[in-house]
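Work through the following exercises with the sequence and the structure side by side, and try each task before reading its solution.

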Amino acid sequence: MIKKTIDWLFPQCCCVCQTEISRDSIFCSKCFSEIIFIDVPICSRCGKMLTVPLPPEEEQICDVCFNTNEIFFDISRSLFLYNNFSRRIIFRIKKRADVEIIRACVRMLINRYGPIVRDIDFIVPVPSHWTRNLLRGYNPSRMIAEEFSKILCIPIDDGLKRIRRTEYQRGKTAKERVRNVESAFTYRGNLKDKRILLIDDVMTTGATLNECSRTLKMAGSPFVMCMNLATTSITDPIKT
Ligand SMILES: [Zn+2]
Ligand SMILES: [Zn+2]
């Protein structure tokens, strides 16, 4: 009776289209069916979807990873494709700090990739510059990292800092993105033998994650795994 009254007073609404839904969900079935979850074939390194799979005996690797000589993260995985539809989900996280959506997405990520998250010592959020945190009041990546930390019982390490206020990556070419984040981060401390789970909301070209990973490895970390809520584009596999 009380539960019914609560449901009537505060109905649960789909986080994308606002239709009323049952309390144990955050998406209506229509919106849920529109999310493109990352699924095989994927690049074994960056986790982006491949347009076609390579023969099973070949390493499933995308054209971009194959042709980039310096990738500093060991592996990256994301939950859904960043497109016009899922942009609305990311918007709720970035602009409204919606913890319920973050929690649901992190649970789905862990259900999907939990078995490959092994022997992690610290969870590190991709930092935003302190001036941006001050304006917004929070860092979305930190909020996502907190949910990971709660579920996996692994502590957060806030030692990674953004020392330069970089321009937004939006609208930049891959090369410009790399240049924009070059030497933008620092880690004061020692990560010798510490395996890191690096958290971001959206992976686009991976330039920011790569620069963060480079910084963490320079601090001594032997292993950096990235987890993101969303990633852009479906890439071609290497032609063999
Ligand atoms: Zn909906
Ligand atoms: Zn790749």
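**Exercise 1. Domains**

Task: State which domains the protein chain is assigned and how far apart their centres lie.

Solution: The domain assignment of the protein chain gives domain 1, covering 1-34, and domain 2, covering 36-235. Bear in mind while reading that this is a predicted model. When the centres are taken over C-alpha atoms, domain 1 and domain 2 are separated by 29 Å. The next step is to look at the contacts, where four residues of domain 1 meet eight residues of domain 2. On the side of domain 1 that touches domain 2, the residues divide into three nonpolar, no polar and one charged.

**Exercise 2. The nonpolar core**

Task: Describe the largest nonpolar core, and find what contributes to it.

Solution: Begin with the size of the largest nonpolar core, which has 50 residues, and then pick out Ile196, Leu198 and Ile199 as those with the most contacts inside it. Strand 9, residues 223-231, supplies the largest share of this core, namely seven residues. Turning to the domains, at least three residues of this core come from each of domain 1 (1-34) and domain 2 (36-235). As background, nonpolar side chains tend to be buried together in soluble globular proteins.

Now take Ile199 as an example and leave aside its neighbours within four places in sequence: its contacts then include Ile123, Val124, Pro125 and Val126. Ile199 is also in contact with Ser141, Ile144, Ala145, Phe148 and Met227.

**Exercise 3. Positive phi angles**

Task: Locate Gln18 and Cys153, and decide whether each counts as buried or exposed.

Solution: Gln18 is not a glycine, yet its phi is positive, at about 70°. Gln18 counts as exposed because it has 11 C-beta neighbours inside 10 Å, and the cut-off for an exposed residue is 12 or fewer.

Because Cys153 has 7 C-beta neighbours inside 10 Å, it counts as exposed.

**Exercise 4. A cis peptide bond**

Task: Say where in the chain Pro41 is found, and which form the peptide bond from Val40 to Pro41 takes.

Solution: Pro41 is found in the loop between helix 2 (29-34) and strand 3 (49-50). The peptide bond that leads from Val40 to Pro41 is cis, and its omega is near 0°.

How values were computed. Residues are numbered from 1 along each chain as its sequence is written. Chains are lettered from A and ligands numbered from 1 in the order in which they are written. This is a predicted model: local features need pLDDT of at least 70, side-chain atom pairs count only at pLDDT 80 or more; totals for chains, interfaces and linings use all residues. Domain bounds come from an automatic or database domain assignment. Two residues are in contact if their C-beta atoms, placed from the backbone, lie within 7 Å. Ala, Val, Leu, Ile, Met, Phe, Trp, Tyr, Cys and Pro count as nonpolar, Asp, Glu, Lys and Arg as charged, and the others, Gly among them, as polar. Helices (H or I, at least four residues) and strands (E, at least two) are DSSP runs, numbered from the N terminus. A residue is buried if 20 or more other C-beta atoms lie within 10 Å of its own, exposed if 12 or fewer, and partly exposed in between; C-beta atoms are placed from the backbone. A nonpolar core is a set of buried Ala, Val, Leu, Ile, Met, Phe, Trp, Tyr and Cys residues joined through C-beta atoms within 7 Å.
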